[in-house]
Amino acid sequence: MLVRLVCCAVLAVATLAPGAAHAADCAAEVGKLMSKDTEKLTTRYNRITKRIQEEGRNANLVAEECRIARQLRPRLEDQLAALKQSGCSKDPQAGTMIADIVRGHEDDLAQMRATTARAECR
C-alpha cells in the first residue's frame, strides 16, 4: 500500500512538474522580453500626455511628447514582434498574460503612431 502511494505521488509530481517548469520558463522569457527602459519611457510618455491634458499644450511639452514617442515606437514594435513570436503565447497558463501584454502594447503603439504622425512632431 505504501509503495502504491509513493508511486502515485511520484507520478503526480512527474506529471505536474513539466507544466510548472514550462510556465516558469515562459515567465522568465517574458521577463527577458520586457525592457525596463521601454516601461520607463512609457511611464514618462503617459505623464507628459497627462500634463498636456491638465495644463494645456505648450511647445515644451509637445516637443517632449514627440521626442519620447519617436524613441518609444521602435522599442514597442520590437517587443511586440518578440512577444508574438514567443512560443509561450500558445501556453495555456502564460498565453492569457501574453495576450494582455500584446493588447496593451498594440494600444500604446497606435497612440505612438498617432502622435508621431501629427504635424507638430515632424
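A residue counts as buried when its relative accessible area is under 20%. Keep that cut-off in mind for this predicted model.

**Stop one: the helix pair.** Select residues 59-85, helix α3, and residues 95-117, helix α4. The two pack at an angle of about 145°, and their axes lie 9 Å apart. The crossing of α3 past α4 is left-handed. By class, this contact has 10 nonpolar, four polar and eight charged residues.

**Stop two: the contact surface.** Show side chains on both helices. From α3, pick residues including L72, L76, L80 and L83. On α4, the residues they meet as a group include I98, I101, V102, L109 and M112.

Helix α4 has 23 residues and reaches 32 Å from its first C-alpha to its last. That is close to the 33 Å expected at 1.5 Å a residue. Now colour its buried residues: G95, I98, I101, V102, H105, L109, M112, T115 and T116.

An α-helix has 3.6 residues a turn, so residues three or four places apart point the same way.

**Stop four: Q79.** Bring back α3 and centre on Q79, which is found in this helix. Is Q79 buried or exposed? Its relative accessible area is 5%, so Q79 is buried. Follow its side chain to the side chain of H105, a polar contact at 2.6 Å. A second polar contact, at 3.5 Å, joins the side chains of Q79 and T38. Finally, select L33, M34, S35 and E39; Q79 is in contact with these as well.

Conventions: Residues are numbered from 1 along each chain as its sequence is written. This is a predicted model: local features need pLDDT of at least 70, side-chain atom pairs count only at pLDDT 80 or more; totals for chains, interfaces and linings use all residues. Side-chain values use heavy atoms; hydrogens and water are left out. Axes are lines fitted to C-alpha atoms, for helices over the stretch in contact, and angles run from 0 to 180 degrees between N-to-C directions. Helices (H or I, at least four residues) and strands (E, at least two) are DSSP runs, numbered from the N terminus. A crossing is left-handed if the near helix is turned anticlockwise from the far one by less than a right angle, and right-handed if clockwise. Contact means heavy atoms within 4.5 Å. Ala, Val, Leu, Ile, Met, Phe, Trp, Tyr, Cys and Pro count as nonpolar, Asp, Glu, Lys and Arg as charged, and the others, Gly among them, as polar. Buried means under 20% relative accessible area, exposed over 50%, partly exposed in between (1.4 Å probe, protein chains only). A polar contact is a pair of N or O atoms within 3.5 Å; within protein, one must be able to donate a hydrogen and the other to accept it, and residues adjacent in sequence count only if both atoms are side-chain atoms. The expected span of a helix is 1.5 Å times one less than its number of residues.
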